[in-house]
Amino acid sequence: IETGEVCDGTDLGGKTCVSQGFNSGVLSCLSSCDGFDTSGCSIVGNTINAVSCSQTDVQAAINSASDGDTVMVPAGSCVWGIEVRNNGKAIKIQGAGIDQTNITTSNNIVFRINGADNIRITGFTFNGNNQGSAIYLYSDHHNFRIDNNKFTMFLGRTIELKGYVDGVVDHNEFFDNSNTEITYYNRESEGDAAWNRPIILGGTDGVLFVEDNNFTYIDNCGEHVMTSNNGARYVFRYNQIKVNYNPPGCYMGAPIDAHGLCFYWPRGTVSYEIYENKINSKRSWRGMFIRGGTGVIYNNSFGDYDGACLDQWNPCFPNYISLVNYRSCTSCNSGLCTADSSDPGTWEVPGEYPCQDQINNLYIWNNNYKGTPINATLEDSCLSGYIQEGRDYYNNLKKPGYVPYPYPHPLTLT
């Protein structure tokens, strides 16, 4: 096993399925050598049936569960006044299916999960009742899956992850939520540690995968579908976004977003891989808003919703893929970066390039608007000395040596 590798071929460094939180199976190494393939591992446990879909009965079932167990929540419609918590248990929480097990919140969060590897939440319809958030994963979570649910009418962040995570959000329906659908930030104290880990595009270490979801907006104004900050890494692929706003003056800032170093967080986004998505909108100021980090953006299709734009929006996306580094133009809360492209310094020192966490080695290729090829553009004129095409980002160029992680994600096949 070489430096930067977790494993190499059959050399797993002594790790097994058991050491990864499972209780049986065969562990293998990913071809990228940056992580383990746990698709051959399993957790076999008991089935615990909640008496009803009430908050009290579901919490009681989770409290009685052990690692590997499945908590079954029956069909029905229930209103939860307080959140259900799972503290560290590797369990599956399964409803009877979308529109069968219906949970409406009258409080803040539906499920709060604290530091649980191998957690899975599936088979629910969650209704935010124009308030609250659905699922909050706090602390470190590995090999988790949130799948085959419906999320509607949430005012807060629908799914929020804060910690060192790797897992997948897949095959969900998001409908008319008002804030950001999926938010991934590391905890405040962990941004530096996240940046210090090797950056391997096509890998899984610390990477959130969002794939095969549908996001639809009609009567509520969303902010972002996907956003990230403070050391986050994500893959957003094979999703469909439909923005068909009815309320006058309602528009989405950018469906897909990656924060850089600015505002209230100590570090920006590390990486993003955005590909094979369909984004159709009547009103979105940007299709993607990239403010820092490294990554790849390719094979994405932009279009109008039902062939029309609303109000003054022509085209429906005035900016398709927008690039920016706020601190080149304003101090934010992190101080103005006065990088000078003529002085290739080693890191962020006054008068030297690059700015910390700014866009770097970003490759963009084969994206289109209604079949017409499109490129990334700089949003502010003050960026010309800080972010430059052919140095910091590359249009119409595939990243040399890049191989995406296998699709579908192995966790979705279990």
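**View 1. Overall chain of the predicted model.** Residues are numbered from 1 along each chain as its sequence is written, and side-chain values use heavy atoms, with hydrogens and water left out. The secondary structure comes to two helices and 37 strands, where helices (H or I, at least four residues) and strands (E, at least two) are DSSP runs numbered from the N terminus. Among contacts, defined as heavy atoms within 4.5 Å, those with a separation of 6 or more are made to 70% by residues 24 or more positions apart. The accessible surface of the chain comes to about 15,900 Å², and carbon and sulfur atoms account for 47% of that area; such areas come from the Shrake-Rupley method with a 1.4 Å probe, and for residues only the protein chains shown count as cover.

View 2. The strands follow the order E5-E6-E9-E12-E15-E18-E21-E24-E27-E30-E33-E37, with parallel pairing, and two strands are taken to pair if DSSP finds at least two bridges between them. Strand E5 (47–49) and strand E37 (393–395) stand at the edges, and because each has a single partner strand, one side of each is left without a neighbour in the sheet. From one strand to the next, the twist averages 10°, with axes being lines fitted to C-alpha atoms (for helices over the stretch in contact) and angles running from 0 to 180 degrees between N-to-C directions.

**View 3. The pairing of strands E15 and E18.** Strand E15 (residues 141–147) runs parallel to strand E18 (residues 165–170), and the two pair over six bridges. Within this pairing, Ile146 stands opposite Val169 in E18. In general, strands of a sheet pair through backbone hydrogen bonds, either parallel or antiparallel.

View 4. The sulfur atoms of Cys7 and Cys29 lie 2.1 Å apart, and the link is right-handed, with 85° about the S-S bond. Cys7 belongs to the segment before strand E1 (24–25) and Cys29 to strand E2 (residues 28–29), 22 residues apart. Cys7 counts as buried at 0% relative accessibility, and Cys29 is buried with a relative accessible area of 16%. Cys33 is in no disulfide, the nearest cysteine sulfur being that of Cys29, 4.6 Å away; Cys33 counts as buried at 10% relative accessibility.

**View 5. The disulfide of Cys17 and Cys41.** Here the sulfur atoms are 2.0 Å apart, and the link of Cys17 and Cys41 is left-handed, with -75° about the S-S bond. Cys17 lies in the segment before E1 and Cys41 in strand E4 (residues 41–42), so the pair ties together parts that are 24 residues apart in sequence. Both Cys17 and Cys41 are buried.

**View 6. The disulfide of Cys53 and Cys78.** The sulfur atoms of Cys53 and Cys78 are 2.0 Å apart, and their link is right-handed, with 85° about the S-S bond. Cys53 sits in the loop between E5 and helix H1 (55–64), whereas Cys78 is in strand E7 (residues 76–80), 25 residues apart. Cys53 is buried, with a relative accessible area of 3%, and Cys78 counts as buried at 15% relative accessibility.

Key:
This is a predicted model: local features need pLDDT of at least 70, side-chain atom pairs count only at pLDDT 80 or more; totals for chains, interfaces and linings use all residues. A disulfide is a pair of cysteine sulfur atoms within 2.5 Å. Buried means under 20% relative accessible area, exposed over 50%, partly exposed in between (1.4 Å probe, protein chains only).
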